[in-house]
Each structure stands twice: as structure tokens, then as C-alpha cells.
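Dear colleague,

Here is the structure for your files. My notes on it follow below.

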Amino acid sequence: MSVNLLKLDAAARKAPVVPVIVVDSARHAAPLARTLVKAGVTIAEVTLRTPAGLEAIAAMRAEAPELLVGAGTVLTGQDADAALKAGAEFLVSPGMSPGLRDALRGREHVMIPGIATASEAMARHEEGFARLKLFPAAVAGGVPALKAFAGPLPHLRFMPTGGISEAEVKTYLSLPNVFAIGGSWIAGQADIAAGNWGRIDEIARRLLALA
């Protein structure tokens with residue numbers, strides 16, 4: 001197992017709730033990182049959905065070295081290269097295209113690819129991806145799908161993301177094949193933009209208590 005996965009697994013064991021972050025301005029990155037660490041968060045996924053994403057990754061890594069910071073919404077090989085150069089310690093994609101697959105050869109250990117079916121999960125595992133993201137979890141079957149996967153695919157571990165409500169957090173995390181869950185409601189885009197650090201701290205602590 002790679003160093004990246006060992007770090008990811010260790011961080012997830014401490015706090016298996018992963019904020020999926022959309023940052024409009026990199027100036028929010030440092031106070032956000034401090035807030036998450038103070039609340040007990042150990043893993044953060046900064047999406048590349050805004051131009052500030054890469055700079056935010058670098059700023060969060062610099063501000064909170066103890067926080068495992070990855071890049072989400074990685075769609076191309078260029079995205080992967082730029083994110084790793086910015087300091088991302090892992091990558092997350094909503095799915096897997098042929099172009100992205102080719103660009104990742106030899107770097108499977110840093111990517112958590114999105115899957116929605118058993119066939120996709122089997123294919124990604126054969127290709128060398130050790131951790132998978134059920135996405136969008138609420139549409140792709142959620143808890144019942146993960147329970148069904150556990151029988152024939154007990155060797156696979158997932159980070160479901162997309163449409164998971166706070167009321168479902170505990171149920172998802174009780175599944176043996178779920179190592180973490182992701183959600184944009186942990187540190188919402190509007191709260192980050194407004195600097196509502198107290199609210200983000202409160203939500204993160206509440207969700208981690210459920211875990």
C-alpha cells in the first residue's frame with residue numbers, strides 16, 4: 001500500500017467526514033484550514049470548480065500541514081498535474097474517462113475515482129485504484145447499493161459523496177466498506193465566502209460526533 005493511502009486511511013480513521021470545498025477566493029483558505037483542524041477534521045477535498053481551487057490547496061497545506069488536503073473535480077490529466085504541483089495529497093474524480101485514465105498511469109495510488117455501478121467498481125479495481133467514490137451516492141443507490149457491493153466485492157472500500165443528508169451520516173459510516181463520506185454541506189460555499197467560521201466549526205463538530 002502506498003504512503004498516500006496509508007495517510008488517507010489513518011486520517012479517515014480519526015475523522016471519516018470529508019468536507020467537499022468550493023472556494024471562491026484563496027484568501028479564505030488559511031482561516032478555513034484553521035477552522036477545520038480546530039473542529040477535528042483531518043481530510044479536506046478542495047474542488048477545482050473555481051479558479052481559486054489550486055491556490056487554495058497550496059494555502060491550506062501551508063497553513064495546516066496536519067490536514068490532508070486533496071483536489072476534487074479532477075477531470076483531465078492537466079487537472080491532475082496542476083493539483084499535484086499545487087500540493088494536493090490525493091485526487092478525486094466524479095468518474096473516469098479514457099483520457100484521464102491514460103494520464104494517470106502510474107499514479108493510481110493518489111486517485112479516488114467515482115463509480116456508480118458494480119461493473120465500474122470492478123474495472124477501476126482491476127486498473128489499480130484501491131479506493132473508490134460512490135457518486136452521486138444518493139442517485140447511485142446509496143446505502144442499499146453499498147450493502148449489495150459488500151457481498152461480491154468485499155475487498156473494495158468507498159467514500160460515498162453526493163446527496164448524503166446529515167441524517168444518513170451515521171448509517172453510511174456504519175457500513176464496513178465505507179472508509180469515509182464526503183459532503184459539501186460541511187463547509188458550504190456561502191459560509192466560506194462570508195467567513196462564517198463559527199458555523200463551519202459547529203457543523204463539522206456535529207457531524208464528527210455522529211461518526
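**Helix H2 and the overall fold**

The buried residues of H2 are Ala29, Ala30, Pro31, Leu32, Ala33, Thr35, Leu36 and Ala39. Buried here means under 20% relative accessible area, exposed over 50%, and partly exposed in between (1.4 Å probe, protein chains only). Helices (H or I, at least four residues) and strands (E, at least two) are DSSP runs, numbered from the N terminus.

This is a predicted model, in which local features need pLDDT of at least 70 and side-chain atom pairs count only at pLDDT 80 or more, while totals for chains, interfaces and linings use all residues. Residues are numbered from 1 along each chain as its sequence is written, and side-chain values use heavy atoms, with hydrogens and water left out.

H2 spans residues 29-39, and eight of its 11 residues are buried, so that the helix is mostly covered. Its buried residues pack (contact: heavy atoms within 4.5 Å) against strands S1 (17-21) and S2 (43-47) and against helices H3 (53-63), H9 (189-194) and H10 (197-210). After H2 comes Gly40, with a positive phi near 105°.

The protein chain as a whole has 10 helices and eight strands. Its radius of gyration (over C-alpha atoms) is 16 Å, close to the 17 Å from the globule rule (2.2 Å times the number of residues to the power 0.38) for 211 residues, so the chain is as compact as a globular protein of that length. Of the 211 residues, 54% count as buried. Among contacts between residues at least 6 apart in sequence, 61% join residues at least 24 apart.

Regards
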